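Subject: Structure for you to look at

Hello,

Here is the structure I said I would pass on, with the sequence. My notes on the sheets, the domains and the contact between them follow below.

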Amino acid sequence: MTTPTDHDPAAALASVRHEFGEHGGVNLSIETSSTFTVLEAGTMPEMFQGMRGPDVGGCYLYGRHFNPTVLVLARQLAAMEACESAYCTGSGMAAISAVILQCCNAGEHVVASNTLYGGTWAFLNDFLPAKANITTTFVDTQDEDAVKSAFQSGTRVLYVETISNPTLRVPDLARLADLAHAHDARLVVDNTFAPLVVTPRLHGADVVIHSLTKFINGASDLVAGAVCADRAFIDELFDLHTGALMLLGPTLDPRGAYEIAMRLPHLPIRMREHAARAATFAQRLSDRGLPACYPGLADHPDHEQLSRISNPGFGAGGLLTVDLGTTEKANAFMEHLQNQEGFGYMAVSLGYAETLLSCPAASTSSELDDASLGDAGILPGLVRISVGYTGSLEQRWGQLERSLEAVGL
Ligand code: PLP
């Protein structure tokens, strides 16, 4: 494993150059073929037996298996995440579901954070028990004793988000990795909120997942995901008999992979600007006496924790929340920002150039029942703000201030 001090994620990202395009183009070519020819008939059975592949002889078999364009993106993401290998999926949920199904057999168990993206929560809480007899215990992963007592003999996964959606809590990954490994389980970390900010593998994560739909693509025009891990785990996902990516088939289309690969070179610049603006807005909201939550603020409960594990230079991420007390106030604030000020959109998702505003209790976390929303601390008036970077900072702050004043804050 790379040690925290010698991993510069932006440098690692840049270290994997695109292959030249056909005709020497500076951009990579899009390999659209869904099937690949061989020169000798004997090569095909060798690929089925795993004796040849992209890394052994440059052999490709079929588009649901590996594709050269998708593999370029996967290699860049693996390098960024200090992982041996990676592959890309058609969505973040495809990556999450494939990883959990790969790690757990029927009758086995997951320990998961009680504050997770609503789709992940529903997959663990509702889908898996019904469809696969895989159960989950949700715990406050900031509470080590609660985590310890949640493990069962069949626990195979401890699942967290680096910066949790939408509560922005930051778990102690190294401690959780130790606990998972002591129980023969894998630590699986969804790093969607913190690309470049944190490299979970350096802190013991076994599998790192991304929804590429968010910051990594950054243009809100594609849905995609990725799994980064050691080579053995990625190979397992492509096993012909038991591989969740091979058999459930949620692969990423090469055209989408190309688009995302073209946006990776400016990911470091974008992440810095998202974070710089989020930090300024969070501080100013807090100075105004509002309950702003941002892990870069000194009074955030996990400020020290994030400072310990974050890579230098990328701040504390591009998301902040502010609790406006009631759903009505939160809605009026978001409507004023979008419709009167032209700042941001009321929309789910995150990591876009424009600011995106949502009320998680009524949207991206609405899958959680009332008790689970309470346990996670997702209040009805909580507004999640994915801070964009268009316009000038002072222009945007003026729009925020006027919208707060419009709702009496
Ligand atoms: N993980 C997190 C933290 C998310 O916020 C989301 C979506 O909002 C997902 C995963 C799912 O990603 P996708 O929509 O690409 O399936």
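Seven strands make up an open sheet with mixed pairing, and their order is 1-7-6-5-4-2-3. The edges are taken by strand 1 (85-89) and strand 3 (135-139); each has a single partner strand, so one side of each is left without a neighbour in the sheet. From one strand to the next, the twist averages 20°. Please keep in mind throughout that this is a predicted model.

Within this sheet, strand 4 and strand 5 (residues 186-190) run parallel and are joined by five bridges.

Helix 5 lies across strand 2 (109-113), strand 3 and strand 4, and its direction makes an angle of about 130° with strand 3. Helix 7 lies across strand 4 and strand 5, at about 145° to strand 5.

Strand 10 runs parallel to strand 11 (residues 356-358), and two bridges join them. Tyr345 has Leu356 as its bridge partner in strand 11.

The chain is divided into domain 1, residues 4-265, and domain 2, residues 268-406. Their contact takes 41 residues from domain 1 and 42 residues from domain 2. Taken over C-alpha atoms, the centres of the two domains are 27 Å apart.

The size of an interface is often given as the accessible area lost when the parts come together. Between domain 1 and domain 2 the buried area is about 3200 Å², and carbon and sulfur atoms give 64% of that. On the side of domain 1, the residues that lose the most area to domain 2 are Leu168, Val197 and Phe215, which together account for 22% of what that side buries.

As for polar pairs, there are 14 residue pairs in polar contact across the interface of domain 1 and domain 2, counting pairs with both residues at pLDDT 80 or more. Helix 1 (9-15) and helix 5 (118-132) each supply at least two residues of the side of domain 1 that touches domain 2. Helix 5 gives the most to that side, with four residues.

**The salt bridge**

Side chains of opposite charge can pair when their charged atoms come close. How many salt bridges cross the interface of domain 1 and domain 2? The rule finds one, while the structure holds 18 salt bridges.

Arg169 sits in the loop between strand 4 (155-161) and helix 7 (173-182), whereas Asp302 sits in the loop between strand 8 and helix 12 (303-309). The pair thus links distant parts of the chain, 133 residues apart.

Regards

Definitions and conventions: Residues are numbered from 1 along each chain as its sequence is written. This is a predicted model: local features need pLDDT of at least 70, side-chain atom pairs count only at pLDDT 80 or more; totals for chains, interfaces and linings use all residues. Side-chain values use heavy atoms; hydrogens and water are left out. Two strands pair if DSSP finds at least two bridges between them. Domain bounds come from an automatic or database domain assignment. Contact means heavy atoms within 4.5 Å. Buried area is the accessible area (1.4 Å probe) that two parts lose on being put together, summed over both. A salt bridge is a side-chain nitrogen of Lys or Arg within 4 Å of a carboxyl oxygen of Asp or Glu. A polar contact is a pair of N or O atoms within 3.5 Å; within protein, one must be able to donate a hydrogen and the other to accept it, and residues adjacent in sequence count only if both atoms are side-chain atoms. Axes are lines fitted to C-alpha atoms, for helices over the stretch in contact, and angles run from 0 to 180 degrees between N-to-C directions.
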